[in-house]
Amino acid sequence: MEALHLQYIGTAVVYSILGILILLFAFWIIEVITPENIRKEIFEKQNKALAIIAAAFILAIGIIISSAIRG
C-alpha cells in the first residue's frame, strides 16, 4: 500500500517538473518574439502594464498545463 502512495508522489513530481519546464519554454518563446526584453522592461523601467500582461500569460499557460495533466 505504501509503494502505491510513493508512485503517486513520483508521478506528481514528474508532472510538476514537466509543467514548469513547459511554462518556462513558453515564456522564453514570448521573450524571443517580443521586440523588447520583458524582464528589463518590468524591472528597470517599472512597466506595470507589461508586468500584468506577463502575469496573465503565466497564469493562462499554467491553467492550460494543469488541465492537460489532469486529462
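Me: Accessible areas here come from the Shrake-Rupley method with a 1.4 Å probe, and for residues only the protein chains shown count as cover. On that basis, what does the accessible surface of the chain come to?

Reply: About 5,800 Å², and carbon and sulfur atoms own 73% of that surface. Bear in mind that this is a predicted model, where local features need pLDDT of at least 70 and side-chain atom pairs count only at pLDDT 80 or more, while totals for chains, interfaces and linings use all residues. Residues are numbered from 1 along each chain as its sequence is written, and side-chain values use heavy atoms, with hydrogens and water left out.

Me: Good to know. How many helices and strands does the chain have?

Reply: Three helices and zero strands, giving the pattern α-α-α along the sequence. These are DSSP runs numbered from the N terminus (helices: H or I, at least four residues; strands: E, at least two).

Me: And is the chain more spread out or less spread out than a compact globule?

Reply: More spread out, because its radius of gyration is 16 Å, well over the 11 Å from the globule rule for 71 residues. That radius is taken over C-alpha atoms, and the rule is 2.2 Å times the number of residues to the power 0.38. Along the principal axes, the C-alpha atoms fill a box of roughly 55 × 20 × 20 Å.

Me: What share of the residues is buried, then?

Reply: Of the 71 residues in the chain, 15% are buried. The cut-offs are under 20% relative accessible area for buried, over 50% for exposed, and partly exposed in between (1.4 Å probe, protein chains only).

Me: Let's turn to the surface. Which residues form the nonpolar patch?

Reply: L6, I9, V13, I17, I20, L21 and L24, which together have about 690 Å² of accessible area. A patch takes residues with over 30% relative accessible area and no salt bridge, joining like charges within 9 Å and nonpolar side chains (Val, Leu, Ile, Met, Phe, Trp, Tyr) within 5 Å.

Me: Pick one of those for me. Where does I20 lie?

Reply: In helix α1, which covers residues 2–33. I20 has 48% relative accessibility, so it counts as partly exposed.

Me: New topic: how many salt bridges does the structure hold?

Reply: One. The side chains of E41 and K45 make it, at 3.1 Å from N to O. To qualify, a side-chain nitrogen of Lys or Arg has to be within 4 Å of a carboxyl oxygen of Asp or Glu.

Me: What about Q46, what is its phi?

Reply: Q46 has a positive phi, about 55 degrees, although it is not a glycine. Q46 sits in the loop between α2 (38–43) and α3 (48–70). Its relative accessibility is 54%, so Q46 counts as exposed.

Me: What about R39 and I52?

Reply: Their C-alpha atoms are separated by 12 Å, and the two residues are 13 apart along the chain. R39 belongs to helix α2 and is partly exposed, with a relative accessible area of 48%.
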